[in-house]
Amino acid sequence: MAPMTRRVAIFIQGVVQGVGFRPFVYKLALEHRLSGWVRNAADGVRIEAQGEPEPMARFLEGLRSRLPAQASIDRMDVAELAAATESGFRIISSDPSAHPRPAIPADLATCPECLAELRDPKQRRYRYPFTNCTLCGPRYSIVEGLPYDRPKTSMKGFPLCPDCAKEYGDPLDRRFHAQPIACPRCGPRLSLLDRTGAVLASGDEALRHAGKAVLDGKVLALKGLGGFQLLADATNTRAIVQLRERKHRVAKPFAILFPTLEALLDDCHASEAEVKALRSAQAPILLLERCEGGHVVSEVAPGNPRLGAFLPYTPLHHLLAGEIRRPVVCTSGNLTDEPMCIENEEALSRLGAIADLFLVHDRPIVRPVDDSVAKMGARGLELLRRARGFAPLPLALPRRAPAILALGGELKNTVALAVGDQVVVSQHLGDLESAEGAELLERTVEDLLRFFEVKPEVIACDLHPDYRSTALGERLSARWKIPLERVQHHHAHAMACAAEHGIEEDFLALTWDGTGCGLDGTVWGGEALVCRGERFERFAHLRPFQLPGGDLAAREPRRSAVGLLYQFDRRLAHTMAARWFTAPQARALLGMLENGLAGPTTSMGRLFDAVSALSGLREKATFEGEAAMALEFAAARFDSAESYPLPLTGDEPASIDWEPMVRQILADLEHGIPSARIGARFHASLAKAIVAIAQAAGLRTVALCGGCFQNERLLRQAHKELAAAGFTAISPIKLPPNDGAISLGQVLAVARRGWAAGSHEGIAAAPPSL
Ligand code: ZN
Ligand code: ZN
Ligand code: FE
């Protein structure tokens with residue numbers, strides 16, 4: 001008797017588009033001799049399959065167990081259907097009607113097969129810079145909408161040639177239904193431009209000229225995957241100094257692109273796990289220990305024991321790095337603190353004073369996607385900047401939320417959008433202080449809403465009245481007539497950590513950063529918050545001190561130091577002010593302190609600055625975090641469990657009293673104790689204080705978040721001490737500890753308010769008085 005025929009409808013959600021999923025289904029169906037079809041829907045992938053029960057079972061099993069590397073399944077529904085008359089298995093075109101879900105793939109680094117073709121003179125894609133396949137290539141940076149098909153990408157202007165069309169249509173080809181495929185005949189082309197936009201060369205000749213220019217010490221602007229980048233020879237001091245001068249970037253470290261892993265290992269130490277991360281499809285910039293005797297000049301990352309290193313991740317980068325064959329600085333093509341350029345014209349006008357030459361192509365970039373930055377922490381890969389390779393992969397929420405649009409903070413910003421029970425966090429957008437930054441914020445909001453076809457029901461923003469993101473929130477809330485809910489900055493940090501770790505119980509959050517607007521309108525930043533559901537209490541904070549000069553203080557650690565000293569030793573504050581400032585400056589500064597014109601702060605970032613300045617490491621900084629980094633790096637030369645007294649005093653909220661510690665630091669300095677030892681003791685003191693606060697709060701789960709926890713020494717010591725004391729410590733992994741996570745935290749904070757109230761209506765968006 002012939003076995004019964006079974007027909008099923010399968011609906012799959014997850015990361016299943018743009019990752020070779022349909023070809024995978026197709027091949028699996030052929031293997032099991034099933035008939036039917038597969039197609040992309042805006043909210044997932046739909047399959048109907050028919051065949052004998054035994055092969056059908058293996059097919060269903062294989063859908064999960066043999067998934068393509070970059071795909072993941074969140075949900076798979078199977079329903080039985082009546083058998084139909086049909087033969088063969090087909091991939092049919094997408095159904096554009098369904099509601100889009102966050103399932104856009106991130107950009108993927110060149111796969112080994114494509115790389116081999118690139119290097120094989122017998123292949124038609126030999127040295128073709130836009131080679132890709134279903135397993136690799138551009139995705140988020142070229143997608144205009146869902147479902148993810150070629151007409152909805154910036155490749156729509158490049159009709160496939162017969163050869164490419166054949167590959168695209170052949171189910172057994174690696175390029176079967178790979179949307180961005182191209183070849184030298186039908187795809188994008190390179191050109192080399194001078195500063196006026198005149199074409200100097202094209203195709204392979206452009207590439208060779210560009211490589212030679214870098215070797216000659218020139219600065220090259222490269223139109224990469226998600227935006228323009230600036231390249232300069234990292235082994236040439238003059239080239240690097242020139243790039244720093246033109247970019248007005250005094251000391252902030254540059255990332256280095258190495259031509260090969262072997263070259264990278266000449267300059268950096270990398271563990272097995274680190275090598276794996278470097279070669280992954282995400283291929284982030286990874287912070288690695290430098291080794292002795294490398295080729296990269298010190299001007300690339302002055303005084304920094306680490307290098308931000310990465311490997312080529314597009315064929316274009318592979319080819320160019322192969323021409324140069326040296327490590328090159330490869331940094332975002334922007335002016336300081338502005339977003340990256342993505343268009344040729346824009347790059348010529350904005351980068352004209354920085355770059356000598358422009359290596360460009362004619363494949364449009366739909367949105368800027370910067371390189372991601374990560375480090376290998378004790379808990380695996382930890383992101384410090386989340387963009388290429390990671391954005392916009394969604395994160396799960398514990399429950400369905402209304403369509404919350406969260407606008408984030410001001411620096412290192414991202415925006416986030418809740419879609420059902422998931423949340424999409426945008427790629428790193430950078431600082432909003434420039435007009436370009438503010439414009440990018442608005443474009444990204446439009447982009448996300450259009451992409452997911454979502455009409456926001458609530459907007460979330462920071463408490464800070466002067467953030468550009470807050471201003472946009474106010475404008476959009478009025479225009480769309482929907483509530484605006486404000487979320488305190490450090491509570492947002494805590495909620496972001498809870499969101500990515502799925503924490504639902506009450507927990508303590510140490511949220512230590514440079515600055516965030518507090519509930520009382522002062523600058524907070526050394527907070528210990530007890531979080532219960534949608535609410536939080538300020539359990540403890542750093543003892544406040546006056547900060548003369550407000551925002552200027554972030555660039556001048558000496559201001560923090562004078563403010564700190566002024567709190568307990570005015571004579572010493574005067575002495576140090578006279579040493580660090582001109583007489584009129586010192587008078588103005590002390591006048592502000594005396595007249596109470598310098599606002600109080602509990603900022604941990606500024607305490608780091610003050611200690612760094614007092615220890616003689618940095619009295620001025622050229623970028624935020626420079627002084628704290630100097631203290632961390634100094635401490636690396638000293639290993640000791642010694643600490644300073646850092647008592648927790650008073651209650652509701654308690655205060656972390658830094659005075660006994662600062663007095664001892666001053667005594668140590670008097671006795672000629674080196675800054676390395678002071679730095680080590682300072683870090684150890686903070687880790688011990690964290691445990692003391694955790695014990696006082698009495699909650700088992702402790703979150704460590706905020707920009708200060710980018711400091712690896714502090715993070716490791718705090719984790720170690722907390723674990724030893726029996727606490728469960730969590731810290732950001734998928735999102736950065738810094739303000740890149742604020743938008744995610746805002747989403748969860750506002751979602752929790754809605755869940756607590758039973759619905760979202762009826763939650764008054766009461767702006768606090770500031
Ligand atoms: Zn490939
Ligand atoms: Zn072609
Ligand atoms: Fe912050």
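Here are some questions and answers on this structure.

Mentor: This is a predicted model, where local features need pLDDT of at least 70 and side-chain atom pairs pLDDT 80 or more, while totals for chains, interfaces and linings use all residues. Residues are numbered from 1 along each chain as its sequence is written, chains are lettered from A and ligands numbered from 1 in written order, and side-chain values use heavy atoms, leaving out hydrogens and water.

Trainee: What is the geometry of the site of the zinc ion (ligand 2)?

Mentor: Its protein donors are C161 (SG), C164 (SG), C183 (SG) and C186 (SG), 2.2 to 2.3 Å away. Donors are N, O and S atoms within 2.8 Å of the metal (3.2 Å for Na, K and Ca), and water is not among the atoms, so sites may look incomplete. Four donors count as tetrahedral if all angles lie between 85 and 135 degrees. Here the angles among the 4 donor atoms are 103 to 118°, and the site is tetrahedral.

Trainee: Is C161 buried or exposed?

Mentor: Buried means under 20% relative accessible area, exposed over 50%, partly exposed in between (1.4 Å probe, protein chains only). C161 has 7% relative accessibility, so C161 counts as buried.

Trainee: How are α16 and α17 oriented to each other?

Mentor: Helices are DSSP runs (H or I, at least four residues), numbered from the N terminus. The axes, lines fitted to C-alpha atoms over the stretch in contact (heavy atoms within 4.5 Å), with angles from 0 to 180 degrees between N-to-C directions, cross at roughly 150°. Angles over 145 degrees count as roughly antiparallel. Therefore α16 and α17 are roughly antiparallel.

Note on methods: Helices (H or I, at least four residues) and strands (E, at least two) are DSSP runs, numbered from the N terminus. Angles under 35 degrees count as roughly parallel, over 145 as roughly antiparallel, 65 to 115 as roughly perpendicular and the rest as oblique. Four donors count as tetrahedral if all angles lie between 85 and 135 degrees; four count as square planar and six as octahedral if opposite donors are over 155 degrees apart and all others between 65 and 115; anything else is irregular.
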